[in-house]
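Subject: Structure handover

Hello,

Here is the structure I promised to pass on. Please open it first, then read my notes below.

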Amino acid sequence: MGLFAQILTLPLAPVRGVGWVMERVLEAAEDEYYDPAPVKSELAALEQQLLAGEIDEETFDQREDELLDRLEEIRNFRNGQP
């Protein structure tokens, strides 16, 4: 029966292939979006800017809060939390 079912559903193969490709693209996009390394690099660069006097304390605090929120979002995603 398995071979018979495959023959009957053969016209749907391109649709299944597109679905598989879309799943892989989504996985790759999520891996990139939820990668904590760039956020940690931004935090380090932000601290360097503060120490070099390129930004003031208020700008640093605001941007740091945004980046820490982003890291929390990444941790939640990786732990399966919404």
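The notes below cover the salt bridges and one surface patch.

First, the ground rules. This is a predicted model: local features need pLDDT of at least 70, side-chain atom pairs count only at pLDDT 80 or more, and totals for chains, interfaces and linings use all residues. Residues are numbered from 1 along each chain as its sequence is written, and side-chain values use heavy atoms, with hydrogens and water left out.

**Salt bridges**

Side chains of opposite charge can pair when their charged atoms come close. A salt bridge here is a side-chain nitrogen of Lys or Arg within 4 Å of a carboxyl oxygen of Asp or Glu. The structure holds five of them.

Start with the pair between helices. Glutamate 42 bridges to arginine 63, with the closest N and O atoms 2.5 Å apart. Glutamate 42 sits in helix H3 (residues 36–51) and arginine 63 in helix H4 (residues 57–78), so this pair ties together parts that are 21 residues apart in sequence. Helices are DSSP runs (H or I, at least four residues), numbered from the N terminus. Glutamate 42 is partly exposed at 37% relative accessibility. Arginine 63 is partly exposed too, at 30%. The cut-offs: buried is under 20% relative accessible area, exposed is over 50%, and partly exposed lies in between (1.4 Å probe, protein chains only).

Next, a pair inside helix H4. Arginine 70 and glutamate 73 both lie there, three residues apart, about one turn of the helix. Their closest N and O atoms are 3.2 Å apart. Arginine 70 is buried, at 17%. Glutamate 73 is partly exposed, at 33%.

Helix H2 has a pair as well. Glutamate 27 and arginine 24 both lie in helix H2, three residues apart. Their side chains meet at 3.0 Å, N to O. Glutamate 27 is partly exposed at 39%, and so is arginine 24 at 29%. Both belong to a network of salt bridges that links Glu23, Arg24 and Glu27.

**Surface patch**

Which residues make the nonpolar surface patch? Trp20, Val21 and Val25 do, over about 300 Å². Patches are made of residues with over 30% relative accessible area and no salt bridge; like charges are joined within 9 Å, nonpolar side chains (Val, Leu, Ile, Met, Phe, Trp, Tyr) within 5 Å. Accessible areas come from the Shrake-Rupley method with a 1.4 Å probe; for residues, only the protein chains shown count as cover. Valine 25 lies in helix H2 (residues 13–33). Valine 25 is partly exposed, at 48%.

Best wishes

Notes
Helix = DSSP H or I, 4+ residues; strand = E, 2+ residues; numbered from the N terminus.
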